[in-house]
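Subject: Structure handover

Dear colleague,

Here is the structure for your files.

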Amino acid sequence: MHDFVFLTAKYPEIKSLMKPDHSLIWIILMMLFIQLVAFYLVRDLDWKWVMFWAYVFGSCINHSMTLAIHEIAHNFTFGHHKTLWNRLFGMVANLPIGVPYSVSFKRYHMDHHRYLGADGIDVDIPTDFEGWFFCTTFRKFMWVILQPLFYAFRPLFINPKPISYLEIINTTVQITFDILVYNTLGIKSLIYMLAATLLGLGLHPISGHFIAEHYMFLKGHETYSYYGPLNLLTFNVGYHNEHHDFPNVPGKNLPLVRKIAAEYYDSLPHYNSWVKVLYDFVMDDTLSPYSRMKRPPKGQEVLE
């Protein structure tokens, strides 16, 4: 990652990219509508087809929606002056995922940006247990499958926070929606929704971004970008060096950041395949959940 002040001084045009992306609102509403239609279509299918479509189709939509929630966490939908609107819209985007998390994600994700790799603060860092136990090829394979569970429960062990009123609202809205899906469409639609989330965030091509972003495949390089086609489904989350350098630039504009400052980004190691990242992580004996840069906290951190 590069120095924000230096890059904006050298390339002042990047500042013009720091603005809300209102098109996200309509894209997210369209994705929600598509999943609602899918809930209806799978309601009477055989179980094998429910699970098939959950993995082949629903997983892509739901994983993409988690990255839409990432965009909302940065206030890109309505702008920084309408923070409550962003939080409430995050709850709408959360609906097809089935598990309430959009408000909590925002709180922890801001810590990740401010204190990248800080021990006990950045919950993106695996626990000592994960690093110790998931150290063989088979165990790493299981860890990749179970990633959504580790991401869900890790904050409770590393950096628990008091529950906010917005998290209570998020949970109430989500449980109400889940009950509504069950009562109107049945158990198969509910299982499709939850399976799409669990499968989409586990052993799935898009899930390569979890490992590609900050696992040290090369010594001295803590953050990596991905420039492959799956950026089209993930709001350009693959442009990760660019994102950490300019967290106020929405995903839509990150390719322009790379283009403007090409002399800095094109020389950095990057990926073109998240599937290869997953394969290399599992098969390479030198890589494990320990392959992250961890820093001691400075004691002056201001948390969300």
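The notes below go from the whole fold to the annotated segments.

Bear in mind that this is a predicted model.

Overall fold. The secondary structure comes to 15 helices and 2 strands. The radius of gyration is 19 Å, close to the 19 Å that the globule rule gives for 304 residues, so the protein is as compact as a globular protein of that length. Along the principal axes, the C-alpha trace spans about 55 × 45 × 40 Å.

Packing and contacts. Of the 304 residues, 51% count as buried. Among contacts with a separation of 6 or more, 77% are between residues 24 or more positions apart.

Surface and charge. The protein exposes about 14,600 Å², and 69% of that area is supplied by carbon and sulfur atoms. There are 24 positive and 25 negative side chains. The centres of these two sets lie 3 Å apart.

Annotated segments. The UniProt record, an unreviewed entry, places the feature "transmembrane region" at residues 24-43, 49-72 and 84-103. I have notes on two of these spans. Residues 49-72 are 100% helix and 0% strand, and the C-alpha atoms at the ends of that span are 32 Å apart. Residues 84-103 are 65% helix and 0% strand, with end C-alpha atoms that lie 11 Å apart.

Regards

Definitions and conventions. Residues numbered from 1 in each chain as written. Predicted model: local features only at pLDDT ≥ 70, side-chain atom pairs only at ≥ 80, totals over all residues. Heavy atoms only, no water. UniProt positions renumbered as here; feature names shortened; annotations may be inferred. Helix = DSSP H or I, 4+ residues; strand = E, 2+ residues; numbered from the N terminus. Rg over C-alpha atoms; globule rule 2.2 N^0.38 Å. Buried < 20%, exposed > 50% of the residue type's maximum accessible area, 1.4 Å probe, protein only. Contact = heavy atoms within 4.5 Å. Areas by Shrake-Rupley, 256 points an atom, 1.4 Å probe, with all protein chains shown as cover. Lys, Arg positive; Asp, Glu negative; His and termini not counted. Charge placed at Lys NZ, Arg CZ, Asp CG, Glu CD.
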